Amino acid sequence: MSGSISLVIPAHNEEKAIKAVVQRAANYIACVIVVADGCTDKTAKLAENAGAIVLETKQRIGKGRAMCMGWQTAMQKSDCQWILFMDGDLQHDAKDIPKFIKQVKKLEVKKTPHIELILGSRQPFGSSMPVLRRWANCLMTSLIALAIERKMKDSQCGFRMAHKDFLNSRSWKSHHFEIETEMLFVAAKRGWRVREVEVSCSYGEEVSKIAVVKDTWRWLSAFVKSSLYFLKS
């Protein structure tokens, strides 16, 4: 089962955590790809030493484009049907990977069409998520759920899995963190299923890579554009 899933980890200057992230994830997933996005530290070297396939960009290209680069490479290097994404800062727990694998097994048993998006749900009001991030996430999730008329608990978690047909279904527009929002609108527009699995989340000393002003503007822009796309007949 793990052979049908590849893991992509977009990472920017995560030398403190990336080795542990790769090693722990490798207990569940055979093909682990780290996209070292414009890193100026030892992220790439440490990830490679830990056994990951490493892609490097000279300049920072953004999370969305790094994810795209990673999944395209995963499809070239393996026979994977699914791509799992997680962050490189130990915020996500590799012990939750089997929850995603379990969902895939259920789909295969039911012989369900495999165009799916499976989201990690962090249950923000019961977690260690910083207060501002918690409320921002809940607001974004509420707005998206209202716009696409679907219930969901966490729209912004980077710990998620998508079928390769879903990822290959369009030329993705988002270059940064707003790609998580674009994915949801595309899935809803095309009538594809979105599932959630509950995951744990740890916030330690890591510094958020989100640029508050720039990324808030990018998210709002993506939300408006995606809403218009969704409403367009």
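**Notebook: helix packing and selected residues**

I began with Arg218, which lies in helix α8 (residues 212-231); helices here are DSSP runs of H or I with at least four residues, strands are runs of E with at least two, and both are numbered from the N terminus. The model is a predicted one, in which local features need pLDDT of at least 70 and side-chain atom pairs count only at pLDDT 80 or more, while totals for chains, interfaces and linings use all residues. Residues are numbered from 1 along each chain as its sequence is written, and side-chain values use heavy atoms, with hydrogens and water left out.

**Entry: Arg218**

I looked up the accessibility of Arg218 and found 26% relative accessibility, so Arg218 counts as partly exposed. The classes are buried for under 20% relative accessible area, exposed for over 50%, and partly exposed in between, with a 1.4 Å probe and protein chains only. I then listed the contacts of Arg218, leaving aside neighbours within four places in sequence, and got His176 and Glu178; contact means heavy atoms within 4.5 Å. I also noted Ser174, 44 residues from Arg218 along the chain, with 8.7 Å between the two C-alpha atoms.

**Entry: the chain as a whole**

I counted 8 helices and 7 strands in the chain. The chain has 233 residues, of which 51% count as buried. I took the contacts between residues at least 6 apart in sequence, and 74% of them join residues at least 24 apart.

**Entry: helix α3**

I checked the length of helix α3 (residues 63-77). Its 15 residues should span 21 Å at 1.5 Å a residue, and the end C-alpha atoms are 21 Å apart, so the two agree. The expected span is 1.5 Å times one less than the number of residues.

I listed the buried residues of α3 as Lys63, Gly64, Ala66, Met67, Gly70, Trp71, Thr73 and Ala74. These buried residues pack against strands β1 (5-11), β2 (31-37), β3 (53-57) and β4 (82-85), and against helices α6 (164-167) and α7.

**Entry: α3 against α7**

Two packed helices are described by the angle between their axes and the distance between the axes. For α3 and α7 I have an angle of about 65° and axes 9 Å apart. Axes are lines fitted to C-alpha atoms, for helices over the stretch in contact, and angles run from 0 to 180 degrees between N-to-C directions. The two helices, α3 and α7, are therefore roughly perpendicular to each other. Angles under 35 degrees count as roughly parallel, over 145 as roughly antiparallel, 65 to 115 as roughly perpendicular and the rest as oblique.

From α3, Lys63, Gly64, Met67 and Trp71 make the contact, and from α7, Ile179, Glu180 and Met183. I sorted the residues of this α3 to α7 contact by class and have 4 nonpolar, 1 polar and 2 charged. Ala, Val, Leu, Ile, Met, Phe, Trp, Tyr, Cys and Pro count as nonpolar, Asp, Glu, Lys and Arg as charged, and the others, Gly among them, as polar.

**Entry: Glu180**

Apart from neighbours within four places in sequence, Glu180 is in contact with Lys63, Ser155, Gln156, Cys157, Gly158 and Arg160.

**Entry: α5 against α7**

I turned to helix α5 (residues 131-148), which packs with helix α7 (residues 179-189) at an angle of about 20°, the axes being 10 Å apart. That makes α5 roughly parallel to α7. On the α5 side I listed Ile144, Ala147 and Ile148, which meet Thr181, Leu184, Phe185 and Ala188 in α7. By class, the contact of α5 with α7 has 6 nonpolar residues, 1 polar and no charged ones.

**Entry: positive phi**

Most residues other than glycine have a negative phi. I noted Leu90, which is not a glycine and has a positive phi of about 70°. Leu90 sits in the loop between β4 and α4 (97-110) and is partly exposed, with a relative accessible area of 30%. I also noted Glu149, not a glycine either, with a positive phi of about 60°. Glu149 is in the loop between α5 and β6 (160-163) and counts as exposed at 69% relative accessibility.

**Entry: Val32**

Not counting residues up to four places away in sequence, Val32 touches Leu7, Ile9, Val22, Ala26, Ala52 and Ile53. The C-alpha atoms of Val32 and Ala52 are 5.1 Å apart, with the residues 20 apart along the chain.
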